[in-house]
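Try each task before you read its solution.

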Amino acid sequence: MRSVIPPAGQSMVEFIIVTPVMFLLVFGPFRFALLYQAETTLNYAAFEAAWRRRPQQCQRGGHERLCAGYGGALLPGRGG
């Protein structure tokens, strides 16, 4: 008589194969949304800094520290 051995390791193998795929399908869009939001925020900050650092505005007086701060924060190696 042959004894029937239950497939004990099959469910573990299926779990190991399916779990990463499910994590990518579930959490992938959330990660993409966070990266997109970070990129949009950085683009907006660069736009605002460039707009506020116009030469005519910096030469009127009183805005030197503001203009220097925006420029220093956006350029690598200059602080920020």
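**Exercise 1. Aromatic pairs**

How many aromatic pairs does a search of the whole structure find?

*Solution.* Keep in mind that this is a predicted model. The search of the whole structure gives two aromatic pairs. Start with F23 and F27, whose rings are 5.6 Å apart centre to centre with 20° between the planes.

**Exercise 2. Accessibility of the rings**

Work out whether the paired residues are buried, partly exposed or exposed.

*Solution.* Exposed means over 50% relative accessible area, and buried means under 20%. F23 has 49% relative accessibility, so F23 counts as partly exposed. F27, with a relative accessible area of 47%, is partly exposed too. For the other pair, both F32 and Y36 are exposed.

**Exercise 3. A nonpolar patch**

Which residues make the nonpolar surface patch of about 1,000 Å²?

*Solution.* List the members: V13, I17, V18, V21, M22, F23, L25, V26, F27 and F30. Take I17 as one of them. I17 is found in helix 1, which covers residues 10-52. Its relative accessible area is 57%; exposed means over 50%, so I17 is exposed. For the whole surface, the protein exposes about 7,300 Å², with carbon and sulfur atoms supplying 68% of it. Buried residues make up 10% of the 80 residues in the protein.

**Exercise 4. Fold and confidence**

*Solution.* Count the elements: the protein has three helices and zero strands. Along the sequence, this reads as α-α-α. For confidence, the mean pLDDT of the protein is 75, and 57% of its residues reach 70 or more. Among the elements, helix 1 has the highest mean pLDDT, 88, while helix 2 (residues 55-59) has the lowest, 56. Where pLDDT is low, the predicted coordinates should not be read in detail.

Technical notes:
Residues are numbered from 1 along each chain as its sequence is written. This is a predicted model: local features need pLDDT of at least 70, side-chain atom pairs count only at pLDDT 80 or more; totals for chains, interfaces and linings use all residues. Side-chain values use heavy atoms; hydrogens and water are left out. Patches are made of residues with over 30% relative accessible area and no salt bridge: like charges are joined within 9 Å, nonpolar side chains (Val, Leu, Ile, Met, Phe, Trp, Tyr) within 5 Å. Accessible areas come from the Shrake-Rupley method with a 1.4 Å probe; for residues, only the protein chains shown count as cover. A salt bridge is a side-chain nitrogen of Lys or Arg within 4 Å of a carboxyl oxygen of Asp or Glu. Helices (H or I, at least four residues) and strands (E, at least two) are DSSP runs, numbered from the N terminus. Buried means under 20% relative accessible area, exposed over 50%, partly exposed in between (1.4 Å probe, protein chains only). pLDDT is the predictor's confidence in each residue, from 0 to 100. Rings of Phe, Tyr and Trp (its six-membered ring) pair if their centres lie within 6.5 Å; planes under 30 degrees apart count as stacked, over 60 as edge-to-face and the rest as tilted.
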